[in-house]
Amino acid sequence: MSATTELSRKERERLRRREDILEAAKKVFAEKGFSGSTLDEIALRAEYGKGTIYNYFSSKEELFLTLVREGLQSFKNTVNQALAPCESVVDKLEKYIEVALDYFYDHQNAFKIISFEIHQPNSLSGVIQDELRETYSRELYFISQLIEQGVREGRFRITDSQRLARVLQGMIHSQICQSGCTQHDERSEAIETVKSIFLHGCLNRDA
């Protein structure tokens with residue numbers, strides 16, 4: 001076996017262990033919150049020794065931040081890919097609602113971590129608080145930019161893009177918090193509800 005093949009095998013094993021640790025951390029953080037979780041519990045859930053976790057992450061804080069950052073990047077990639085073929089701003093907003101709800105339903109542990117911890121600031125370090133606020137701000141900014149395009153085109157009756165963005169963000173998050181929507185029909189109904197209430201309520205039908 002060549003050195004290159006051996007290195008490749010070791011790297012694959014290292015990546016697999018890292019992913020195992022991240023998946024275990026998602027579950028533990030979602031169940032117990034950041035302050036209520038320990039690296040010992042995460043190691044037990046991942047079925048690795050605690051020392052193995054330290055080979056990948058220097059602290060519980062770094063592990064938590066990695067989940068937030070990688071989750072956000074994955075969400076952004078999914079959204080950008082889905083919206084690329086859309087031409088009109090209404091099509092983009094409809095697709096965003098579909099993709100956002102589908103993504104968060106499929107990654108509920110990650111969503112629970114962020115949505116719970118952002119309302120528990122006293123349990124977090126300043127670095128993590130800033131990261132969570134930035135995560136929400138970036139999502140809000142992305143939505144507001146889509147809406148602002150629609151405002152410029154005269155597609156919306158309400159022209160406060162920031163306010164509309166907060167309304168849409170709140171509707172999406174509340175749907176996920178209120179229901180697991182594991183069945184396809186339930187999920188489709190939730191998506192159509194948000195699209196109908198938001199778009200039909202805000203669009204300028206004369207445009």
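**Exercise 1. Is Cys-202 buried or exposed?**

Solution. Buried means under 20% relative accessible area, exposed over 50%, and partly exposed in between (1.4 Å probe, protein chains only). The relative accessible area of Cys-202 is 8%, so Cys-202 is buried. Cys-86, at 17%, is therefore buried as well. A disulfide is a pair of cysteine sulfur atoms within 2.5 Å; a search of the whole structure finds 0 of them.

The model is predicted: local features need pLDDT of at least 70 and side-chain atom pairs count only at pLDDT 80 or more, while totals for chains, interfaces and linings use all residues. Residues are numbered from 1 along each chain as its sequence is written, and side-chain values use heavy atoms, with hydrogens and water left out.

**Exercise 2. Describe the protein chain as a whole.**

Solution. Helices (H or I, at least four residues) and strands (E, at least two) are DSSP runs, numbered from the N terminus. The protein chain has 9 helices and 0 strands. Of its 207 residues, 42% are buried. Contact means heavy atoms within 4.5 Å. Among contacts between residues at least 6 apart in sequence, 68% join residues at least 24 apart.

**Exercise 3. Determine how α4 and α7 are oriented to each other, and what makes their contact.**

Solution. Axes are lines fitted to C-alpha atoms, for helices over the stretch in contact, and angles run from 0 to 180 degrees between N-to-C directions. The axes of α4 (residues 60–83) and α7 (residues 126–152) come within 10 Å and cross at roughly 10°. Angles under 35 degrees count as roughly parallel, over 145 as roughly antiparallel, 65 to 115 as roughly perpendicular and the rest as oblique. Helices α4 and α7 are therefore roughly parallel to each other. On the α4 side the contact includes Phe-64, Leu-65, Val-68 and Leu-72; on the α7 side it includes Ile-128, Leu-132, Phe-142 and Leu-146. The residues of this contact divide into 11 nonpolar, 2 polar and 4 charged. Here Ala, Val, Leu, Ile, Met, Phe, Trp, Tyr, Cys and Pro count as nonpolar, Asp, Glu, Lys and Arg as charged, and the others, Gly among them, as polar.
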